[in-house]
Amino acid sequence: MTPRRAFLGHFYMVLFLIYLMVPLLIMAGAAFNDSRLPTVVPWQGFTWRWFDALFADERMWNALVNSILVALAVVALAVPIGTAAAIVINSVSGRVRATLYGFMVAPILAPGLVIGISTVLFWNSLGDTIGAGGFFLFNPGLHLSTFGQVSFIAAYVMLLVLARLQSFDQGLEEAALDLGARHGQVLRRILLPHLYPAIAAGAAIAFFQSIENFNVTLFTRGTQDTLTVYVFSQVRAGITPTINALALMLMLFTVVCALVYETRRRRRARIVQAREDEARRAEEAMLAGG
Amino acid sequence: MHDLIRRYGATLTGMFILLTAFWLLALIILPNFALFEQSFRPWLPALEVGGPRDVYSFDNYRGFFDQAMATTIFGIPVTISTHLLAFLDTVFYSVVVTAICLALTYPLAYYLAKIASPQSLPTILLLLFIPLWVSEALRAFAWYILLTFNGPLNQLLVGVGAVERGIRWQQGVWTDYDAIVVVLIYCYVLFMLLPVYTAIQSLDTNQIEASEDLGAPWWKTHLRVVLPHAKPGIASGCVMVFMLSAGSLLVPTVVGSTSAIWFPQSIFTQFNDAQNWPKGAAFSMIFLLLCIVFVFAVMRLFRVKLSDIAK
């Protein structure tokens, strides 16, 4: 690697990061511009009023609460389903496994709007078939958004748990059974503790995927709003910088989460490093003493 | 299966299977079957549903080819249905988006995997992830602000004297779809970068050095060593970016011009404005078929397995 090419690499990387950040920074900046249109030029003076407008916007708060409720419901469904599916698929092989796997990952590759539409059509016709059409359960609403989202988010959880299962030693379960553990104990004490990292990662991914989701939710939501749908309808209806204020808050939230994660990771790495150093020193001291 | 029962007992195994079955049947297979069934039904007022006119037909699929209009494709005048045109445009420009994303991110992925110093890597990855966590709606909105007629981009260009008057970006400069393509790239470029990066990272650096020591020029090293190794990652990235772009409803609605129709917008119009669910279902089936064809094409082209793509 010549220095010139390494420099080109650094340069391109920086350029790319700027490209990613500039639109977001401009959007954030427009939240403080005292102009009725969301823009940074012409700059008409600094103001907090879009934040005041945002906090007074009840529809937005309602949409935010809905988003969080749906995300929690998605986590509560997708995590058990994905984990169970990974355990089941791990116990079969050959053709059955390939077929099951194909069906399970298909929703990840399917477009969101098809998932949303098919979910609405299915529950609607199910309601008509059993003669309960019009009952709220079969009409579009946030519960259908949850079902639609779970159909593909469970696949992410399944893939994570399945990957973790590959490093699981089944001999541990055999040992526990031989020592007289009950089936429930084997699951709770042996298998689940091994899977916890994957399950936790799966839950986090499920939560954020759900909050982010637009396509499935748009078709299944009925008359309810979630945050992304609300932002979409605001953008379409002609907007005030209230949305920019909201965008800024969400971005700050993201950055804070990222920073917390990063500092924790660094601290953990430092602790591991310190332990290794200590172990090495102890070993050296022992060798020197002996 | 017997192994499961032996280890977890009949009750727990039953629960695992029940959960899996609920997912596969109620959330995946039956909804898609409902979509399939509905797409052959006529569009009738509620009272006539189940009546003598409620019979299966291909009418909805025929509707896909209705409403012919005259236009030009690459300068050749043709008469084509509006829906088919929207469909073809969507496929074409999604392929363009995918190709540009790959061209943009391959050098970056290589840089991150093999050149960037290990100390700065976590920070760079973190910076890359932040835009990914900002919702798609807001990323599209950020570009809406950037591209508006009196927006910062035009002001800058006029300010430095590059153009005399502002440009109506959203109406398109070269084609009707310019703005959509640019914003789709911005929104989904990271879905290409991450799988390609992961793939290149698993390549043993010794192989690159061996290739260089044996006198291969840099482009040959990439063509013969790095690219073949990165193939699964590239396949995965291409599928993700194509699917997300072709399936995006947000971006075309937020930054698209009135003369550029993205196929998901056609589907949404059938559902939302026309309330013609059967026709919307037929359009969705066509769209789903496209996606299946695309995934299989990529699998054949790159000779990869489904488990390489869906990760």
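# Notebook: chains A and B

**Domains of chain A.** I began with the domain assignment of chain A, which gives domain 1 (1-47 + 241-290) and domain 2 (58-240). I noted that the model is predicted. I looked up the distance between the two centres, taken over C-alpha atoms: 30 Å separate domain 1 of chain A from domain 2 of chain A. Next I checked their contact. Six residues come from domain 1 of chain A and six residues from domain 2 of chain A. On the domain 1 side I find four nonpolar residues, one polar and one charged.

**Helix 6 of chain A.** Helix 6 of chain A covers residues 142-165, 24 residues in total. From its first C-alpha to its last I get 33 Å, close to the 34 Å expected at 1.5 Å a residue. Where does helix 6 of chain A bend? I place the bend at A:Ser151, and its angle is about 35°. I then looked at burial. Of the 24 residues of helix 6 of chain A, 19 are buried, so this helix is largely enclosed by the rest of the structure.

**Chain B overall.** I turned to the other chain. Chain B has 13 helices and two strands. Its C-alpha trace spans about 75 × 75 × 35 Å along the principal axes. Chain B has 311 residues, and 42% of them count as buried. I also asked how its contacts run along the sequence. Among contacts in chain B between residues at least 6 apart in sequence, 66% join residues at least 24 apart.

**The largest nonpolar core.** I looked for the largest nonpolar core and found 164 residues in it. Those with the most contacts inside this core are A:Ala78, B:Ala140, B:Phe141 and B:Ile180. Helix 7 (residues 178-201) of chain B gives the most to this core, with 18 residues. Why does this core lie between domain 1 and domain 2 of chain A? Both domains give residues to this core, so it lies between them.

Leaving aside neighbours within four places in sequence, B:Phe141 is in contact with A:Met27, A:Val231, A:Val235, A:Ile243, A:Ala247 and B:Val254.

I ended in the loops. B:Asp66 sits in the loop between helix 2 (59-63) and strand 1 (68-73) of chain B. Is B:Asp66 buried or exposed? I count 12 other C-beta atoms within 10 Å, and B:Asp66 is exposed.

B:Gln275 lies in the loop between helix 11 (263-273) and helix 12 (277-302) of chain B. Its phi is near 55°, a positive value in a residue other than glycine. B:Gln275 is exposed, with 10 other C-beta atoms within 10 Å.

B:Arg303 is in the loop between helix 12 and helix 13 (306-309) of chain B. I read a phi near 50° for B:Arg303, a positive value in a residue other than glycine. B:Arg303 is exposed, with 11 other C-beta atoms within 10 Å.

Conventions. Residues are numbered from 1 along each chain as its sequence is written. Chains are lettered from A and ligands numbered from 1 in the order in which they are written. This is a predicted model: local features need pLDDT of at least 70, side-chain atom pairs count only at pLDDT 80 or more; totals for chains, interfaces and linings use all residues. Helices (H or I, at least four residues) and strands (E, at least two) are DSSP runs, numbered from the N terminus. A residue is buried if 20 or more other C-beta atoms lie within 10 Å of its own, exposed if 12 or fewer, and partly exposed in between; C-beta atoms are placed from the backbone. Two residues are in contact if their C-beta atoms, placed from the backbone, lie within 7 Å. Domain bounds come from an automatic or database domain assignment. Ala, Val, Leu, Ile, Met, Phe, Trp, Tyr, Cys and Pro count as nonpolar, Asp, Glu, Lys and Arg as charged, and the others, Gly among them, as polar. A nonpolar core is a set of buried Ala, Val, Leu, Ile, Met, Phe, Trp, Tyr and Cys residues joined through C-beta atoms within 7 Å. The expected span of a helix is 1.5 Å times one less than its number of residues. The bend at a residue is the angle between axes fitted to the seven residues ending there and the seven starting there.
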